[in-house]
Amino acid sequence: MNARLERKLRVFVIIAAAGCFAGAVFAATHGLPLVPGVVTGLLISSILGGFEILIADGPVRAWLNDRSFTASLLIKSSFYAAVILTVEWFPIVEWILGRRPMLGVDTFWSSLLYSVVVSIIVNLALAITNLVGGRALLNFFTGRYHAPVEEERFVLFVDIAGSTGLAEQFGSLGIHRFLDRTFRVLSLPVVDHRGEVLAYVGDEMIVTWTKQEGARDARPLRCFMAMRDELARKAGQFEREFGAAPRIRGSLHFGPVIIGEIGDVKRAIVFNGDVMNTTSRLEALSRDVPGGFVASRAAMEKFAAPTPVAMRDLGRLPIRGRVDGIDAMGLVEAS
């Protein structure tokens, strides 16, 4: 299944399940029949889930992203409240089930308030998930990296070429808007190729895959090429808005990474190890390599499928921190 569609369906299922559970809880705590409560929760959550995946994550996604966190939350919560009021006010569920209306005035208002509170909580949870990343949030809840563990990972560094000159051209605020818009465009191929955005560091984006996920279909390399294709499609839009279109360089490496939670006042899941340092230094080498991309042979040999583009052997490249250098490969020609 398409990764982007799978992500949308997962959001819909989570919202629908939350609605059913909330409806069941309300019915149980107010001495009401269970079935109408569950159906009401399912109806409301299905409408809101459809709005999330078809509208909020579709035509108005860019517009909502341009709003602040609080403004976006209030806009979506207002729509949620309108849907809930409509479903609660009109006996839609009773019509569906062929039952007579059973909510009194007091129960109606408590049901409405309860539904609004639950919807705001769900909406807030979705917003936080989008802010910190779904996998990172899940890992915090499950405690997967509460104690540091070692995992074999593909690590992809993506750098915006010429960002120093662009910063002088655009100014501090302008370059921030440029990088923000660029990283939003680059995030879509990451979702499509089932990667995980680890961090944004200045003008760099760090993406990672587990060994199993990354080896399949050479996903890290396909992701980088898809990023370039996506930027090429949006080049005209960038030219009109900023007067320049972004170009990217990249580097890829594979190996053991130490992953664990760190910090106190602000907790974070961080990746440490030689793989991170080596990938960063390979990215520096990509600036002088035709094609603007360098991958370690260790990473290329882990792919379980043919690469989507022709690669050439760069031989053993000298790299800071490694006495014997590193065997590397690059693109046959610039993309």
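## Exercises on a predicted model

Helix α6 (residues 105-132) supplies the largest share of the nonpolar surface patch, three residues. The model is predicted.

**Exercise 1.** Find which residues form the nonpolar patch on the surface, and give their accessible area together.

*Solution.* 
- Step 1: list the members. They are Phe 69, Leu 124, Ile 128 and Leu 131.
- Step 2: take the area. Together these residues have about 350 Å² accessible.
- Step 3: Leu 131 lies in helix α6.
- Step 4: classify Leu 131. Its relative accessibility is 63%. Exposed means over 50%, so Leu 131 counts as exposed.

**Exercise 2.** Determine how strands β7 and β8 run and how many bridges join them.

*Solution.* 
- Step 1: locate the strands. β7 spans residues 311-319, and β8 spans residues 322-331.
- Step 2: read the pairing. The strands run antiparallel, joined by seven bridges.
- Step 3: check one pair. Met 311 has Leu 331 in β8 as its bridge partner.
- Step 4: inspect the turn. The two strands form a hairpin with two residues between them. Gly 321 sits in this turn, with a positive phi of about 95°.

**Exercise 3.** Decide whether Glu 151 is buried or exposed, then identify the side chains with which its own side chain makes polar contacts.

*Solution.* 
- Step 1: Glu 151 belongs to strand β1 (residues 149-160).
- Step 2: apply the cut-off. Buried means under 20%. Glu 151 has a relative accessible area of 14%, so it is buried.
- Step 3: find the polar partners. The Glu 151 side chain contacts that of Arg 144 at 3.0 Å and that of Arg 153 at 3.1 Å.
- Step 4: look beyond four places in sequence. Glu 151 touches residues including Tyr 145, Pro 256 and Ile 259.

Terms used:
Residues are numbered from 1 along each chain as its sequence is written. This is a predicted model: local features need pLDDT of at least 70, side-chain atom pairs count only at pLDDT 80 or more; totals for chains, interfaces and linings use all residues. Side-chain values use heavy atoms; hydrogens and water are left out. Patches are made of residues with over 30% relative accessible area and no salt bridge: like charges are joined within 9 Å, nonpolar side chains (Val, Leu, Ile, Met, Phe, Trp, Tyr) within 5 Å. Accessible areas come from the Shrake-Rupley method with a 1.4 Å probe; for residues, only the protein chains shown count as cover. A salt bridge is a side-chain nitrogen of Lys or Arg within 4 Å of a carboxyl oxygen of Asp or Glu. Helices (H or I, at least four residues) and strands (E, at least two) are DSSP runs, numbered from the N terminus. Buried means under 20% relative accessible area, exposed over 50%, partly exposed in between (1.4 Å probe, protein chains only). Two strands pair if DSSP finds at least two bridges between them. A polar contact is a pair of N or O atoms within 3.5 Å; within protein, one must be able to donate a hydrogen and the other to accept it, and residues adjacent in sequence count only if both atoms are side-chain atoms. Contact means heavy atoms within 4.5 Å.
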